[in-house]
Amino acid sequence: MAVPAKASSSFSTACQLLAAILLLSSAPRSHGGSIAIYWGQNGNEGTLAETCGTGNYAFVNIAFLCSFGSAQQAPQLNLAGHCDPYSNACTNLTADINLCQSKGVKVMLSIGGGAGGYTLNSEQDAADLARYIWDGFLGGSSPKRPLGAAVLDGVDFDIEGGNPDYYGALAAHLKSYGGKGGGKEVYLSAAPQCPFPDQWVGKALETGLFDYVWVQFYNNPPCQYVQGDTANLMDSWKQWTSGVHAKYIFLGLPAAPAAAGSGFIPAASLESQVLPALKGSSKYGGVMLWSKFYDDQDGYSSAIKKAV
């Protein structure tokens, strides 16, 4: 009878182990995220290759395609002090983009920005801009590709002006190009302000086509971190994670106090007060920072990387 008794004990132990595994798998778990950065608006922030070489970023948003939408106005790319796209001086970024992608970094074209000068006033405007971006920056072809032959991973909507009615149509047209001819998917991201819903891209986000949404939790005291108080930020975070159909939501922050009028969170406070609460959401994607220039000032991404 000794052998059956031993088998019974082993079976009991195995059942207990299985029950423990099932309990752990069903419990809410936090998970790690990644860092997205904006690059392109300050010639003193280093090269794109150097940016990806830090190993700190999973996404780099090249900023900005800042003028578009009028039939009389050709889209314009502005990379501040880095290069002049109108003399074809930015085509040498192809090597940098390819290097970034070889390291697993997704490189996005960011459209819009805070300077304005853009709008879409019809479905045709949206279709035309999508075609221009596809041919000039993504998997299409054009004799004029401002960044050279490199194929970017997608498009970031940093929309802070214009007619809000047709950005959703732009998103739909861009997504429709993904996978054509065996090409890669077109990823879409957006950078709305934290008041919910965002007045500029709120309607576009209703399409459910966006993969990543990095919400700007700064320059908006009613929904940001304020002097150690996380209540407003947390309430807003819950609105965004429950109200927007996107794969991942990111906490958008200034990378240094000087990067925004308000909303900077010291690294220690981010790690101890904010991130543990955010990581409970299955939609938590990580942290977005504005911008590479400001990140260089105090090494914010390096300070928070392990906690993110």
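## A charge over a ring

Lys106 has its charged end over the ring of Tyr187, 4.9 Å from the ring centre. (A charge sits over a ring if NZ of Lys or CZ of Arg is within 6 Å of the ring centre and within 35 degrees of the ring normal.) Tyr187 also belongs to a cluster linked by ring pairs, together with Phe59, Tyr212, Trp214, Tyr248 and Phe250.

Some ground rules: this is a predicted model, where local features need pLDDT of at least 70 and side-chain atom pairs count only at pLDDT 80 or more, while totals for chains, interfaces and linings use all residues. Residues are numbered from 1 along each chain as its sequence is written, and side-chain values use heavy atoms, leaving out hydrogens and water.

## Aromatic pairs

Searching the whole structure turns up 20 aromatic pairs. Rings of Phe, Tyr and Trp (its six-membered ring) pair if their centres lie within 6.5 Å; planes under 30 degrees apart are stacked, over 60 edge-to-face, and the rest tilted. Tyr38 and Trp290 make a tilted pair, 5.5 Å centre to centre with 50° between the planes. Tyr38 is in strand S1 and Trp290 in strand S9, so this pair ties together parts 252 residues apart in sequence. (Strands are DSSP E runs of at least two residues, helices H or I runs of at least four, numbered from the N terminus.)

Trp134 and Tyr177 are stacked, because their ring centres are 5.0 Å apart and their planes at 10°. This pair ties helix H4 to helix H5.

## Helix H4

Trp134 is buried, at 10% relative accessible area. (Buried means under 20%, exposed over 50%, partly exposed in between, with a 1.4 Å probe and protein chains only.) Other buried residues of H4 include Leu129 and Ile133.
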